[in-house]
Amino acid sequence: MKEAWSKYYKAREDIRNEHSTPKHTHRSNYVRKHVENLTENADIADLKRQIAENLYHTQGIDEAFATRNDYYMAVAYTVRDRLVRRWIETEQSIYKNSAKTVYYLSAEFLIGRQLTKNLINVGLLDSVKTALQESGLNLYEILEEEKEPGLGNGGLGRLAACFLDSLATLEIPAIGYGIRYEFGIFEQMIRDGWQVERPDLWLRLGNPWEFYRPQLAYKVPFWGHTSRSVDNKGKTRVKWEPGLTVLGTAYDTLVPGYGVNMVNVLRLWKAGASKEFDFQVFDAGEYERAVAEKTFTENISKVLYPNDSTPRGKELRLEQQYFFVSCSLQDIIRRYKVINSDFKDFPKKVAVQLNDTHPSIGVVELMRLLIDIHGLEWEEAWSITCQTFAYTNHTILSEALEKWSVNMFATLLPRHLELIYEINAKFLDVVRSKYPHDEARVSRMSLIEEGENKKVRMANLACLGSFAINGVAALHTELLKTSVLKDFYEMFPEKFSNKTNGITPRRWLLVSNPKLALLYTQKIGQGWVKNLNELRRLEKYADDQIFHKTWMKIKQENKADLAEYILEHNKIDVDVNSIFDVQVKRLHEYKRQLLDVLYIITLYNRLKANPNLKIVPRTFIFGAKSAPGYLMAKLIIKLINSVAEVVNNDPDVRNQIKVVFIANFCVTLGEKIYPAADLSEQISLAGKEASGTGNMKFALNGALTIGTLDGANVEIRDEVGPENFFLFGLTVEQVRELRKRGYNPRDYYNNNHELRQVIDKISEGCFSKGDRQLFAPIVSSLLDRDEYMLLADYQSYLDCQERVSRAYLDKFSWTKMSILNALHMGKFSSDRTITEYCEEIWKVKPLEVKIQEVFEEGIYIKPKNIFY
């Protein structure tokens, strides 16, 4: 393992040590100016001294007693120290230029480990590696000490992290806002095949990357009631008298751009009590009640996505969303007011992006702050609000278009409910005037869903209060226009646009696949790191035998690294020459991990029926977390592991197929898995996946895609060419037509012999040790409902998998397809996505940050009005 990782980091070292930047056209002259500054001017002796000083003065320990984690912390603090100067200069530049700033509000930021990324982005990787070697330390061992922050669940949070990287690299002033979840999402364990959730103790040993900002604390009101009074100008004013006030305190993580001086910030909020301890109650002997408020309020930032299957769980989710949005908007207003005396230029200096519906309460909260706190009139406040927010929709699934009970709103956020009703009344008057005699449309567009249990429609609120609405893939955006948000599109067509998602090549090539990154740099220089379209210059090597050999050598070494991890953690010995057939993503029925399982059982049945049958060997690799309260998803995880137990231990299979479930899938594991994959499973039912970004990560690392025409698959297929994509399944139109005719999954069960055998195998208890009841809910779901049409797509999927097997046997053709997939991923860089947001939605421009000569004898001698 150490030898493999030694090669791994040697590749990274070679990228900078052996190759100069070529003279060719970059994304812009703006980028070109900074290419020569990719390497931080670092003296090895100075780095060694700083690491030693941080070990001694910050960690409070010397070399004799220091653990590996102590050294990790010391190195991290040393790198962070180098970032601080750039960050201060960034803030000064924003302040001096009164630059418009992007504020990105997201419930998730799945940022991954920070040390390697930061070393690469500021050009310190080689210097730190050398400094550690000279001190008798191993960089890989130090890097492995870092605990990944559990601040996200899947694609939404990872997209937000990619966007932050691109914003800084493109030198766009920006702050990401979210919650500092104390226990993250959860740590997934697999026990007897079942998912078991444990607290993610990512903060247990400390987090060297964050700055605690006690001076940045905001009061967030809950509960209580409102009262009205008339001010000295005869205006009616509303005062919210809360029953509870939560204190939100900021923690800042620095986000450096690649090869530039800009350092932006991810600002996360921790919830606490405004009154932590009641001495009188304590003195009376009621010890638990004395700290009850502290315990209650701190729960808000304990866990990402608490189980909302109970009323209290739903309340906690809404509390989380409002808490971080209120803190963030108060902070945005504070920053704005440092420079501006009134709010007339607020939309010219502030762009707030809502990452899905979770932060959409921000529309109402900004209205409350502007009207109740800052004294603006309704019309001015509403005009400012509607010019400030932009909304990204990430789904067409009804459960993700959040709706909160009006009764719950009335209890938790009484002032907001008043504002929502007032906004809604004014809006519906406009709808009626534009569409007279169409009360059905009025009902659909209302912010309030009528019925026995009235609900607030958060997606409708986001659409109404935002000046821009975008989907995240071309197909997804069209579906928003024609179905989910059709009424809003017809009324506000100018708001709608598409911004296909993207991924950062810094994380998903430089960090995760340095050997491939080195190959690119050897051939075309480093320009591709900031302009991924540069990879197309390598197409001339698509038929080159020597290039093929190098390409496949890298792929095999990556597969060997993953195989070693699987052997160590799963105790399964997999064949590195088999097809690594991979599906890693959040577990949800619409993503159809279950369809993959049906195919595995099909192959198993064939091998059992014909012991002499030879197939192309496959290793099926899964990784997925289920929401704790999502029982069907957890049962599917159990089925995957149960099938693995049977298949992997059956001598009749003769190791031709292996099934592996990798527990606790996260960014760090993704960095191991994506470079090793041969086949990427993107098999959701057409029309259900908004975009997907895992599909991009796989393809960028040379995996071929088997997929439906869903989400960004459509655009990936367009870019790589239909001949380099394994397509199967119903289209969106065919799905719609089949539902219209009346879909009966039992027809497919009755008419397909292999499919019937597969489902019967599950039903008869072959994968549950004879227990026919264990997987009965899965069988019933497939035969009686099959909401995501697995049975309708089953045969098409099998046929497509046969094409995959035949293609894999032709090594030259497969390698060429792999190369072309990777080289055609330029469109899917998050740099492209962010550039489109900047130019078409936020109207914000890059800001060059220059490092001033401001240090004299270690003292900063040019103090300025920092307004972070």
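Two strands count as paired if DSSP finds at least two bridges between them, and strands here are DSSP runs of E, at least two residues long, numbered from the N terminus, with helices being H or I runs of at least four. With that in hand, look at V582, which stands opposite I621 in β18. This is a predicted model, where local features need pLDDT of at least 70, side-chain atom pairs count only at pLDDT 80 or more, and totals for chains, interfaces and linings use all residues. Residues are numbered from 1 along each chain as its sequence is written, and side-chain values use heavy atoms, leaving out hydrogens and water.

Strands β17 (residues 579-584) and β18 (residues 618-623) run parallel, joined by 6 bridges. They belong to an open, parallel sheet of 6 strands, ordered β19-β18-β17-β20-β21-β22. β19 (657-661) and β22 (726-727) each have a single partner strand, so one side of each has no neighbour in the sheet.

Now for the greasy part. A nonpolar core is a set of buried Ala, Val, Leu, Ile, Met, Phe, Trp, Tyr and Cys residues joined through side-chain atoms within 4.5 Å; buried means under 20% relative accessible area, using a 1.4 Å probe and protein chains only. The largest one holds 119 residues, and L413 and F222 are among those touching the most other members. Helix α12 (residues 311-339) gives the largest share, 11 residues. Contacts (heavy atoms within 4.5 Å) link L413 to residues including F222, W240 and L318.

Finally, find R213 in strand β5 (residues 210-222). R213 counts as buried because its relative accessibility is 10%. Its contacts include W87, D252 and Y868.

Methods. Buried means under 20% relative accessible area, exposed over 50%, partly exposed in between (1.4 Å probe, protein chains only). Lists of a residue's contacts leave out its neighbours within four places in sequence.
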